[in-house]
Amino acid sequence: MTTIASNICIATALAVAVFAVAATFPAASAQAAEMEVRIDNFAFAPQRMAVKVGTTVTWINDDDIPHTVASNTKLFRSSALDTKDKFSFTFTTLGAYEYFCSLHPHMTGAIVVEAATGTNGAQ
């Protein structure tokens, strides 16, 4: 076999291997999303959000006093978040998750977790 033919065979084998590996792993755009809820003026914004399974939601306290993020079912609970502090939780199960600030119970919100084929975004 000539050197050129040998190089073509090696290049073809490498191309096939790279394609096989690329097909095995999802693209970066298919990775789980990240969403944010801002806490400001004694409110969660957005107050209600729909996300896909596997999405990480991060709450950020933009208020000048501490707040918490606590699930009504005790699934998740942050410590007191001072100004610019963050709390994150990854939603892995379908359903509606209501939450509130344990320091200011009138502050409420909800995360609706949908199947990966549903729509994603604030409602």
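## Overall picture

Take the contacts in the protein chain between residues at least 6 apart in sequence, and 53% of them join residues at least 24 apart; a contact here means heavy atoms within 4.5 Å. This is a predicted model, so local features need pLDDT of at least 70 and side-chain atom pairs count only at pLDDT 80 or more, while totals for chains, interfaces and linings use all residues. Residues are numbered from 1 along each chain as its sequence is written, and side-chain values use heavy atoms, with hydrogens and water left out.

The protein chain has 1 helix and 9 strands, and reading along the sequence gives α-β-β-β-β-β-β-β-β-β. Both kinds of element are DSSP runs numbered from the N terminus: H or I over at least four residues for helices, E over at least two for strands. Of the 123 residues in the protein chain, 33% are buried. Buried means under 20% relative accessible area, exposed means over 50%, and partly exposed is in between (1.4 Å probe, protein chains only). The accessible surface of the protein chain is about 7,600 Å², and 61% of that belongs to carbon and sulfur atoms; these areas come from the Shrake-Rupley method with a 1.4 Å probe, and for residues only the protein chains shown count as cover.

## The salt-bridge network

Searching the whole structure turns up 3 salt bridges, each being a side-chain nitrogen of Lys or Arg within 4 Å of a carboxyl oxygen of Asp or Glu. Glu 36 pairs with Arg 38, with the closest N and O atoms 3.1 Å apart. Glu 36 counts as partly exposed because its relative accessibility is 45%, and Arg 38 is also partly exposed, at 31%.

Arg 38 has a salt bridge with Asp 62 too, and there the closest N and O atoms are 2.7 Å apart. That pair links distant parts of the chain: Arg 38 is in strand 1 (residues 34–40), Asp 62 is in the loop between strand 4 (56–61) and strand 5 (70–71), and the two are 24 residues apart. At 23% relative accessibility, Asp 62 is partly exposed. Asp 62 also meets the side chain of Lys 84 in a salt bridge (3.0 Å, N to O). Lys 84 lies in the loop between strand 5 and strand 6 (86–90) and Asp 62 in the loop between strand 4 and strand 5, so this pair ties together parts 22 residues apart in sequence. Lys 84 is exposed, at 52% relative accessibility. Through shared partners, the salt bridges join Glu 36, Arg 38, Asp 62 and Lys 84 into one network.

## Aromatic pairs

Now for the rings. There are 9 aromatic pairs, counted when rings of Phe, Tyr and Trp (its six-membered ring) have centres within 6.5 Å; planes under 30 degrees apart are stacked, over 60 edge-to-face, and the rest tilted. Phe 44 and Tyr 99 are edge-to-face because their planes sit at 80°, with the ring centres 4.8 Å apart. Phe 44 is in strand 2 (residues 43–45) and Tyr 99 in strand 7 (residues 95–101), so the pair ties together parts 55 residues apart in sequence. Phe 44 is buried at 4% relative accessibility, and Tyr 99 is buried at 1%.

Phe 89 and Phe 91 make another edge-to-face pair, 4.9 Å centre to centre with 75° between the planes, and both residues are buried. One aromatic cluster takes in Phe 44, Trp 59, Phe 76, Phe 87, Phe 89, Phe 91, Tyr 97 and Tyr 99.

In soluble globular proteins, nonpolar side chains tend to be buried together. Here the largest nonpolar core has 20 residues, and Phe 44, Val 57, Trp 59, Val 69, Phe 91 and Ile 111 have the most contacts inside it. Strand 1, strand 3 (48–52), strand 4, strand 6, strand 7 and strand 8 (104–114) each give two or more residues to this core. A nonpolar core is a set of buried Ala, Val, Leu, Ile, Met, Phe, Trp, Tyr and Cys residues joined through side-chain atoms within 4.5 Å.

Leaving aside residues up to four places away in sequence, Val 69 touches Ile 39, Phe 44, Trp 59, Phe 76, Arg 77, Ser 78, Leu 81, Phe 87, Tyr 99 and Phe 100.
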